[in-house]
Amino acid sequence: MADAVQLLRQLRLALQRGDYPEAADCLRQAAELARAAGDQAAEGRHLGNLALLHHRLRQPAQALACLEQALALVRAAGDRVAEDGLLGNMGNILRELGRHTEAIAYLNQALLLAQEMGDLRGRGIWLANLGLVYDDLGQHDQAADYHAQAVNVARQLFDQRGLAQRLGKLGDSRFAQADFGGAAAAYAEAAAVSQAIGDRQGAVERLAGLGHARLQLGVSAGSAEGASAHFRAAGDAYTQALALAAALDDLSAQAELLIGLGSALGSLGDYAAAAERFGAAASLFEQLGRPERLEAARQGHDLALALARGR
């Protein structure tokens, strides 16, 4: 068996090549060396990393088994920082497996430990992940509460990338609650932050969310003037997102955004322009081999064209 230094070098090279089975073997050997040396903390850390590789290799049972072993070891060694990370990783994997009650239990343990250690960054991560669990469960009011707390942590840490991501998730939860005003506010700030840090893909997603929220606000507006204002704002958001998606050569995003823009233009009564956007979306969906979305785009095109012709 190689020594610890050689194993870590082999591990690094294997990860660079994307050879995860070899990387897993290196970590197993490193854990055995740590066990032989009586270093429980190191053995636990190696097993925790091995669990993440099992997860990447779509071996959830092995990942959970490694995490349970690792947790016992780091707890015995009194390594609270490693324990916190392992608890959170356990929660995340359980969430992906649909075992939401267990995921909440582990993530709450991780959250409590992060709070006890004064680990603000860790606290924000576990709050955000708890929000995702409650979104999965359809409990969007509770999810929004966790996402809002995670947003506040990102602000305190001046973590702009994290702030944009968490605002986007908050917008998703608000939208699912039918709180379209709250969703629009979250998406607008998320899009602005994404653009400021040069995250064009993130900006596309959050501008699209903003467009969807503004469309819904227009539908429920109490006056024609208010509705038009929201529909115009939706069109502006979709147009900005389209420019970014075109720069990224993201055809799928462009097609979806064209449908949104067509909806906004149609709601404003500009049926000819709406038909043009729906037609462009249909062409892209046909090119992408997306028959289910192609049909929706064609229906939008036909309706807008009929309205434009006064039928």
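Let's start with salt bridges: a search of the whole structure finds 17 of them, each being a side-chain nitrogen of Lys or Arg within 4 Å of a carboxyl oxygen of Asp or Glu. This is a predicted model, in which local features need pLDDT of at least 70 and side-chain atom pairs count only at pLDDT 80 or more, while totals for chains, interfaces and linings use all residues. Residues are numbered from 1 along each chain as its sequence is written, and side-chain values use heavy atoms, leaving out hydrogens and water.

Find Glu-43 and Arg-35, whose side chains meet in a salt bridge at 2.8 Å, N to O. Glu-43 is buried at 6% relative accessibility, whereas Arg-35 is partly exposed at 46%. (Buried means under 20% relative accessible area, exposed over 50%, and partly exposed in between, with a 1.4 Å probe and protein chains only.)

Now look at Arg-155 and Glu-189, another salt bridge, with the closest N and O atoms 2.7 Å apart. Arg-155 sits in helix H8 (residues 140-157) and Glu-189 in helix H10 (residues 180-196), so this pair ties together parts that are 34 residues apart in sequence. Both are partly exposed: Arg-155 has a relative accessible area of 36%, and Glu-189 has 29%. Elsewhere, salt bridges link Glu-256, Arg-290, Glu-292 and Arg-293 in a network.

Finally, step back to the whole protein. There are 15 helices and zero strands; helices (H or I, at least four residues) and strands (E, at least two) are DSSP runs, numbered from the N terminus. Of the 311 residues, 45% are buried.
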